[in-house]
Amino acid sequence: MSFEFKNTEIEKVILIKPKIFEDHRGFFLEAYNKNEFKRAGIEGEFLQENHSKSIKGVIRGIHFQEGEHSQAKLLRCIRGEILDVAVDLRKDSPTFGKYVSRILSEKNKYLLYIPKGFGHGFASLSDNVEIIYKIDNFYCPSSEKGIIWNDPTININWPFNNPILSEKDKNWKTLKETILI
């Protein structure tokens, strides 16, 4: 087995610890194996891979796509360190509106699987953070939605109070307003 799959407080959000082979030359790890992920209950086909770079103090999110364009994500931080956050947006879920957060970093090499029906965001904890994430559905601009990063109902424990945000992320509505729209 090349991975250790750890359930989080919210069902189906899974922290993945890859087996790392390290010596004086560097390291090797398997970042994805369809068979092992399937055995762990992570099914579906990843159709797109994205690469994001952020400076320290940035919060990106909370983003999601709705309807037939919703996306599952498999994330890993390849440079620096992030606080990665998944928010349960499944209206019929007992954990609706709750979140899970984990530190993903270049050092720990952990991955986080976020299933469909969740919002996603992250805070950049170090300079020049880079993340790579696979998604199982193509981006559709008309299905893109978001929730304001500091929504009082979700009450995410972000590492800073005055983050660097995109214009779009500054203007998302709250969870309650988004549900009513």
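Guide: Start with the largest nonpolar core, which has 18 residues. A nonpolar core is a set of buried Ala, Val, Leu, Ile, Met, Phe, Trp, Tyr and Cys residues joined through side-chain atoms within 4.5 Å. Buried means under 20% relative accessible area, exposed over 50%, and partly exposed in between (1.4 Å probe, protein chains only). V87, I147, I154, I156 and W158 have the most contacts inside this core. The elements giving it two or more residues are β6 (59–65) and β8; strands are DSSP runs of E, at least two residues, numbered from the N terminus.

This is a predicted model: local features need pLDDT of at least 70, side-chain atom pairs count only at pLDDT 80 or more, and totals for chains, interfaces and linings use all residues. Residues are numbered from 1 along each chain as its sequence is written, and side-chain values use heavy atoms, with hydrogens and water left out.

Visitor: Is strand β8 enclosed or open?

Guide: Seven of the eight residues of β8 (residues 81–88) are buried, so the strand is largely enclosed by the rest of the structure.

Visitor: Which strands run antiparallel to β8?

Guide: Two strands pair if DSSP finds at least two bridges between them. Seven bridges join β8 to β9 (residues 99–105), antiparallel, with A86 opposite V100. β8 also pairs with β11 (residues 118–124) in the antiparallel sense, over seven bridges; there, D84 has F122 as its bridge partner.

Visitor: What does L112 contact?

Guide: Contact means heavy atoms within 4.5 Å. Leaving aside neighbours within four places in sequence, the contacts of L112 include V13, L75, D84 and L104. L112 is buried, at 0% relative accessible area.

Definitions and conventions
Helix = DSSP H or I, 4+ residues; strand = E, 2+ residues; numbered from the N terminus.
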